[in-house]
Amino acid sequence: MILNKLDGVDKKINRDKLVINRFINKVPFYEFFIQFGIAVIYLILGSIIHLYFTSHGIVSAIWPGSGFALAVLLIGGKKYILGILFGSLLLNALFLDSPWTIAGMTLAQVSEAFIGAWLVTRSVKTTFSLNTLSNYLCLFVFGAGVACLVGAFIGVLALLSADIIASVDYLDNVLHWWMGDALGVLLVTPFVLAFKETFRFQINTKQLFEIILLITLTFIAGQVIFLDWFHDYIIEASRAYIMFLFVAWASMRLGAYGSAFVLLMIATQALWGAKLEVGFFANEITTANLKNYWFYMTILSTVGIILGIHVKTINLANKTIKIAKQRFSDLVNSTDGIVWEADATTFNFTFVSCQAERLLGYPIDEWKEPGFWVNHIHPEDRSWAPEFCAASIKRMEAHDFEYRFITKDGRTVWLRDIVNVVNEHGAPRWLRGIMIDITNQKIAESDLRIAATAFEAKEGMMITDVNKIILRVNCAFTKITGYTSNEVCGKTTKILSSGLHDKNFYKTMWKSINQTGSWRGEVKNRRKNGDIYPQYLTITSVVDQNGKVINYVATLADISETKAAEEEIKYLAFYDHLTGLPNRQLLLDRLSQALVSSTRSKHNGALLFIDLDNFKNLNDTLGHNLGDKLLVQVAERLNSCIREGDTVSRFGGDEFVVILEELSMDSTEAATQTETIAKKILACLNQPYQLDMEKYHGSASIGATIFNDHYQVIEELLKQADIAMYQAKKSGRNNVSFYDPEMQKAIVDRLSLEAELHQAFEKRQFQLHYQIQVDDLNQPLGVESLIRWQHPERGVVSPAQFIPLAEDTGLIIPIGEWALETACIQINEWQKDERTRDLALSVNVSAQQFNQANFVTQLKTLVRRYAIKPGLLKLELTESMLVDNIDKTISIMNRLKDIGIKFSLDDFGTGYSSLKYLKQLPLDQLKIDQSFVCDITFDNNDRAIVRTIIAMAQSMNLQVIAEGVETKEQQELLLKKGCHAYQGYLFSKPLPIEQLEGLLRKTYS
């Protein structure tokens, strides 16, 4: 491949020996031996090509060293790059002068091998072998193509730098270099890999003879074609292409590795003939620079290797198929079932395994006769099995079914047929499946089922002789009674007797057994540990062929859990799960009985409806857990207060109902007795309760009604007691109230008023009236808006009558929102008039409305919508609405205060708010309640209270206003006390907006 000069060879060899010695001590002996062998082979291959087959003294048409180096790295890995390096270095040192040229040439050859191996292994990602076309393609592209081209560029560049070639010949030499190295890879690399693989093959005599024959004939043909043997007897035309026959022979019989060996032999003969200038390539070295030789060998090697790989792939596939067929055959014939294939439309078998004759007796030929399967199905199954199979085939569904089949010798066997449907072109074509003889399984299942049903059922079983001596028991019997088989067998059934049934019971039982052959019913029997339990017992007599009783079979079931469940269901249906008291359902039943009893005995009875006061507050503050504990203690106390025969029931929530029976026949005396018991209950319930770590004081309100007629309606009685209970609550709680018909009328009126209240809001029957507020000079300071209900029939309904009802029904929220929006609209109108633009408008706000989650947002929206000055809107709050959640109230007030809205504390002095919290409230004004103002002129206590309120307001920098001022004397006295703002009939009563504005124009203009 390279032009070399022999001058100074010895000097360079000595220099290179120093480099080699440095590695000897670092490498194990066997590794050194291998590396040395690789280097020697590389040196020999390069020297032969250089000395004999170099064209024009520069490059050669084949460089076997490239193929050898790549094969070494593919087989052994990158560690053998050292052997390639040493061989290349020695070769170049032998034929080159300049150290730089030696280094460049060595770099080209080593890098070519390294890059080729790296690219090939990286693409293949496994140990490289010529088993697939993709692997050979990687070798062709990366090993012979890319890597050799890199080596060619580097090597020829080294020659150019040493002035061995001219720059104009650079690309031509690169091409020749690449062609020689690529051909070396395509020929030598497969040969080395084939040489390695031959050690794995086991060759028999026949194969050895074929190999020898192939090599011999190939050699002779090569000598004839390339070295002119028998030249005078051979036709010249295209004889070189005869070698394709031998390459094809080697590929088809020995695969890619055999083809590689033959190719290398052909390449050597052709190259040697070219060297001797004889044969097919006689003038190649001198005329064509071996280009024809290169193309010839490249095509021949590529075709040969690819054909070998393809043939090997086919052979491997055929071998795999053969193995699979053999395995399938072994599996089919060794399985205990009958493997079969049949036509999907006719059910005619096309294949049946040899087990068919062994299991069912029919020869294989009979199986393949038309209609064989259907004709030999048991008559009882023939009516459905083929139809079932046909329906499944139509749906293209695999199916698994069991049926009976008649064997060759007339026996009936059970078969389980597992069938798969195979379609062709979307229609069922073949059936393939396996038949399994399950006759023994069916018999075993039947026996097991009979045995399990007869004796090892969940029920206990006991077999006795005619004298009632126990012969056998099952496991369930032992589990139920506690007696083992050894403990009861040989003894009479009396061992199980509880002693709770008399002789007549057993006499009736045995009479039924003797007459009908069986008896069943509930008995009480005794376990081994002495426990008595309910048992459901069935006794059946067993008779012989003559009808004589020989045994008794008893089945027994422990129904303790069933009985307990029945009791539990009954308890849950009629008793409260928390307190254990009768529930509403049982109460109604007992009340019905009490009414009947009262009518029969002429004695009065009474119904007490008890409701715990403020129970909701307890739940909200201390939690439902403590609330439940209170209910349990209340139930216990109620039970302790009543007489025997009376009933205490939990009606629901914190409501209890007591039925008192057998009271006096005199209604007045009966009422007295009822009141005595009710007050006793109240006194008992007033005692403190210990709820975990909390001590709680509670009370109750009781409503009572008397009954003495079973024609009275139960629901009416409950309603009367309920009404009376609410009357007791209105009377201040912790009280007893008897039902009065007037109460019922009041309830009816209230319900009627509630319905009308809903209509009033929908029909806009509400109006705002306005009462003026003045200063000590009688000049207007502001106005309070007061809601009025103009009823079309009742006239004006007092707020004291409908406001509490609105609060109870929740209507207070939409009514309050309407009042606020109406007030904002009015402020907007007043802002346009110079006389009224500074008037503040006060609006009363309920607790429900104030505590809405979106109350602040609503107000902000109204202020923006109607463009009012927030300071002109004053919200009046009562002390009672501050009690429940003072912290939340303060938070809401502060958020509204931030936008400028003012606050007035209405009815001050009548509530129960703490002065501790009062100082935290962002108030602007205190309003003295009219109850303190009306008697201020003559009541010293009222004067003292008013003086205190005014002083406290002044000390807290709050405005103060008095309402209910009706006389000049009251105003003057208030002024002396320091109050400078007033509201009352002295100045004006609440007026509609038109009259108020007229008053403002007439009196205060």
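Residues are numbered from 1 along each chain as its sequence is written, and side-chain values use heavy atoms, with hydrogens and water left out. Because the model is predicted, local features need pLDDT of at least 70 and side-chain atom pairs count only at pLDDT 80 or more, while totals for chains, interfaces and linings use all residues.

We can begin with the sheet. Five strands form an open sheet with antiparallel pairing, in the order β9-β8-β12-β11-β10. Strands here are DSSP runs of E of at least two residues and helices are runs of H or I of at least four residues, both numbered from the N terminus; two strands pair if DSSP finds at least two bridges between them. The edges are held by β9 (470-473) and β10 (518-526), each with a single partner strand, so one side of each has no neighbour in the sheet. On average, neighbouring strands are turned by 25 degrees against each other, direction ignored. Within the sheet, β8 (residues 460-465) pairs with β12 (residues 549-558) in the antiparallel sense over 6 bridges, and Gly460 has Leu556 of β12 as its bridge partner. Helix α20 (residues 503-516) lies across β10, β11 (532-543) and β12, and runs at about 150 degrees to β10. Such angles run from 0 to 180 degrees between N-to-C directions, with axes fitted to C-alpha atoms, for helices over the stretch in contact; contact means heavy atoms within 4.5 Å.

Phe802, Leu805 and Ala806 are buried (under 20% relative accessible area, with exposed over 50% and partly exposed in between; 1.4 Å probe, protein chains only). These residues cover an arc of only 105 degrees around the axis, which puts them on the same side of α28; the arc is that of the directions from the helix axis to the C-beta atoms. Ala800 and Asp808 are exposed on the other side. Just after α28, Gly810 adopts a positive phi of about 90 degrees.

Turning to strand β18 (residues 700-707), Ile702 has its place there and counts as buried, at 0% relative accessibility. Its C-alpha atom is separated by 8.8 Å from that of Leu612, 90 residues apart along the chain. Beyond its neighbours within four places in sequence, Ile702 is in contact with residues including Leu608, Ala678, Met725 and Val736.

Finally, the structure holds 0 disulfides (pairs of cysteine sulfur atoms within 2.5 Å). Cys389 is buried at 3% relative accessibility, whereas Cys934 is partly exposed, at 39%.
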